[in-house]
Amino acid sequence: MKTPTTLLVLSLLCLATVQAADTSPSRRPLTPDDYYNTQIVSEPQVSPDGKWVAYVVSTNDRDADESRSAIWMVSWDGTQQVQLTNPGHDISSPRWSRDGRYLSYLNTPAGTDKSQIMLFDRRGGEARALTTVTDDIQSYEWSPDSKRLVLVMEPGSPKIAAGVPGPPGAPPGQANPTAPNPANTTPKPADTATDVPKQPTDPGKGATPTAPASSVPAPATAKGATEAPPKPIVIDSMHFKEDKDGYLATGHNRHLYLLDVETRKIEPLTTDPAFNEDLPAWSADSHRLAFVRTREKGSDADAMEDIDLIDARPAAQLDDWLAEITGELAAYSRANPQARVAPFAVNQIVHSSNNRLEEDVALCVKHEVPIIITSLRPPAEVVQAVHGYGGIVFHDVINLRHAEKAAAQGVDGIIAVCAGAGGHAGLLSPFALVKQIREVYPGAIILSGAMSSGADVLATRALGADLAYLGTRFIATDEGNAPAEYKQMLIDSAAEDIVYTSLFSGVNGNYLRGSVARAGLDPDHLPEADKAKMNFGTGGNTAAKAWRDIWSAGQSVSGIHQVERVAALVERMEGEYAAARASFNF
Ligand SMILES: Cc1cc2nc3c(=O)[nH]c(=O)nc-3n(C[C@H](O)[C@H](O)[C@H](O)COP(=O)(O)O)c2cc1C
């Protein structure tokens, strides 16, 4: 819908120019001065209420020898024109927030070479900087709920240091997170305006060489002394150099970031160095983003352009959910003082690639989540934090060695994730693993894997477990937050349809054969994953699309025949448990 507006504003301006030319006393050839008198109008943006059009006016300043641009606004009927900014040397990209409250634009502050997002609050006041990034902002888009922006950023080569200091370890492209942007906590390798250019190692693999391949050997610097000859440059990728950017580095990539307008915090959304992401577009509910993914830089270009989807829920969503759960449970307890209210649990993946771990654990501490379930690394710091408010920690293991490590960290229970479990499962039989753990661990043992009925739960007690843990069965419920096709595939699949592979997350797990095939892969001939590429962070293992497109499930699918309400399922399982128990007379 922007095109007609663009045409309207541009044609109005052209008309004005033509009229001016027609009324001028005499026609004359263009002179160089005309170039400096020309005003170019671009990027018209209609306000959500349709009453205003914001646009950019660019001119060329002869004395400064640079182009200047400013943001203007014109009422839809053309009667009012307002200049919103002074001309600056790189002002562009005006965008309205969808609620019409803000008008944002890109501005490169004087003395710097990095664009920042500026924000006008339409209720009044000066424009304020929303970002202090040291990466290059290529583009940005408002979310439909007007709470966030998605940024497309690329780490630019550091060209200027003065005025934009950034401490080592600053978050993605963030110059000074402590002063103007206090909420920033995400660590990142140094990528600041004060970085020194990297030394050459292997440009084909991603370093920036200090001398081009064709450089002439340096002359002698002093009599008899010559500089060491430049190191040879090793190039082993086809797409290793690009105009303007020079040698392409691994990690010299364009990625998506989420910016929270209220807190001004930026979190990376995509991180895989093998890919570039661009052209993000929000879903109407602000929960997801579609974008284009390519391998165009820092790697061999394969000419593939995929359109992909990514979950863009903010970390704050967990805060909202926990407030809702604890609030409703407290209200229920007040209304039913005699009722026993079961504790609830939150899973935390304890892995270096989980860039949300610290923040998510802090939210669990804030809401005093009764049970935290951890997986992968033994969770010493999580145990300490959770014990601080009286909560307990259960840790997932798939073998005895992991169980011993977790016990040494003081966990309150060990989850034996056995053969046939959904998610990241093990290969050991529950008969073997529960026995092994019991021999060395006196605490609570929680048995998980392939259960779907009340009788299965009773069986865990016979094996010596204290609690049973079901996952897959509860996805096929009305309340399960999974696509309908996923739930149907759980019903349609049998235990034989569960594929065990490390391909999708770097760790072995169980997946529905149907979803693997639907993604164009051969479920019977899947390659092994590169463990170094494990990624449990915001962007996930994006290449593999685990959990979202490749659906996980355990062998309990054989016992799933319908989607039902959780309350109905639990009631039925209770009956099955009691019936199985009653059937034993010995
Ligand atoms: C789709 C899916 C995602 C899972 N994600 C996690 C997770 O993030 N952390 C975790 O500790 N366990 C995770 N699990 C494992 C479950 O918590 C539980 O151990 C397992 O589902 C039990 O086996 P079952 O699915 O056969 O009932 C996941 C399971 C499924 C099916």
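Which residues are the closest to the ligand? Of the 19 residues that surround the ligand, the closest are Asn 347, Asp 396, Tyr 469, Gly 471 and Thr 472, where a residue is near a molecule if one of its heavy atoms lies within 4 Å of it. This is a predicted model, in which local features need pLDDT of at least 70 and side-chain atom pairs count only at pLDDT 80 or more, while totals for chains, interfaces and linings use all residues. Residues are numbered from 1 along each chain as its sequence is written, and side-chain values use heavy atoms, leaving out hydrogens and water.

Let's stay with the ligand. One of its oxygen atoms is 2.4 Å from an N or O atom in the side chain of Asp 396. The backbone takes part too: a polar backbone atom of Ala 450 is 2.8 Å from a ligand oxygen, and one of Gly 422 is 3.0 Å from a ligand oxygen. A polar contact is a pair of N or O atoms within 3.5 Å.

Next, find the open sheet, whose four strands run in the order β1-β2-β3-β4 with antiparallel pairing. Strands here are DSSP runs of E with at least two residues, numbered from the N terminus, and two of them pair if DSSP finds at least two bridges between them. At the edges, β1 (40-46) and β4 (81-83) each pair on one side only. Strands β2 (residues 52-61) and β3 (residues 66-75) are joined by ten bridges. Look for Asn 60, which stands opposite Ser 67 in β3.

Conventions: A polar contact is a pair of N or O atoms within 3.5 Å; within protein, one must be able to donate a hydrogen and the other to accept it, and residues adjacent in sequence count only if both atoms are side-chain atoms.
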